[in-house]
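Dear colleague,

Please look at the structure first and then read on.

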Amino acid sequence: MKGFTILIVEDDQVIGHLLQKIIQREGYDVVWKTNGKDIRSIIHQIDLVIMDIMLPGEDGYQLTTFIKSLGLPIPIIFLSARNDIESKLEGLTVGEDYMTKPFEPRELLLRMQKMLKQHYGPLTQIQHLLINTEQRKVFKYNVQEEIVLTAIERKIFFYLFDNRDRVLTKDHFIDYLWPLEERNQNIINVHIKKIRTKMDDPTGTILQNIYGEGYRLNTYIRQ
């Protein structure tokens, strides 16, 4: 699924190019590094790691331990030529999964898909936004960058999301949010503006103001 960024840590050029090609073909964003020295500045942007073990400098086990020490919920799949039981057990202890080389691309992709769903839940993508419908969370650009919404902003956004591609009037919002209170429609404009700012949608491409009618969350954006 688009919206996820996959890090490949692999020093073999042939295998690295192959992994990059098959993963990008599925619509993922891919970052490929040949050693651990280069991953420290980008790891907060990563959603899943495909990790070799035998690397120049720090090995895959050490790099995985470092990533876990940061407290980041990033799943790590080892992909290694080591097929002895000790290597597998260590990999499954410090990481989430272990595969051996040579590997079947379809198996790797399926394991990745299941791992991403297990860790991040079902996601809907709208432009640069990723929406977790079960946890009622919204991310931008990747699932490591959650948008912090207030309680009322979250209610407004998911009211729009649950009625996506449909125009909701200000009266709809008032009836949903404050059915027993005095009606102040201008407060909706204020909250929508704040949500747009947090979501990098300043012109209202996603949260669109339909003049004289209300607001609509667009799932289809004309380029």
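Between domain 1 and domain 2 the count of salt bridges is zero, and this, like everything below, refers to a predicted model. Polar contact between domain 1 and domain 2 comes to one residue pair, in which both residues have a pLDDT of 80 or more. On the side of domain 1 that touches domain 2, the residues divide by class into four nonpolar, three polar and one charged.

As for the extent of this interface, eight residues of domain 1 are in contact with four residues of domain 2. The area buried between domain 1 and domain 2 is about 490 Å², and carbon and sulfur atoms account for 44% of it.

The two parts I have been naming come from the domain assignment of the protein chain, which places domain 1 at 5–120 and domain 2 at 124–217. Taken over C-alpha atoms, the centres of domain 1 and domain 2 are separated by 36 Å.

Turning to the chain as a whole, the protein chain contains seven helices and ten strands. Its radius of gyration is 22 Å, whereas a compact globule of 223 residues would have one near 17 Å. Along the principal axes, the C-alpha atoms of the protein chain fill a box of roughly 70 × 35 × 25 Å.

Note on methods
Residues are numbered from 1 along each chain as its sequence is written. This is a predicted model: local features need pLDDT of at least 70, side-chain atom pairs count only at pLDDT 80 or more; totals for chains, interfaces and linings use all residues. Side-chain values use heavy atoms; hydrogens and water are left out. Domain bounds come from an automatic or database domain assignment. Contact means heavy atoms within 4.5 Å. Buried area is the accessible area (1.4 Å probe) that two parts lose on being put together, summed over both. A salt bridge is a side-chain nitrogen of Lys or Arg within 4 Å of a carboxyl oxygen of Asp or Glu. A polar contact is a pair of N or O atoms within 3.5 Å; within protein, one must be able to donate a hydrogen and the other to accept it, and residues adjacent in sequence count only if both atoms are side-chain atoms. Ala, Val, Leu, Ile, Met, Phe, Trp, Tyr, Cys and Pro count as nonpolar, Asp, Glu, Lys and Arg as charged, and the others, Gly among them, as polar. Helices (H or I, at least four residues) and strands (E, at least two) are DSSP runs, numbered from the N terminus. The radius of gyration is taken over C-alpha atoms; the globule rule is 2.2 Å times the number of residues to the power 0.38.
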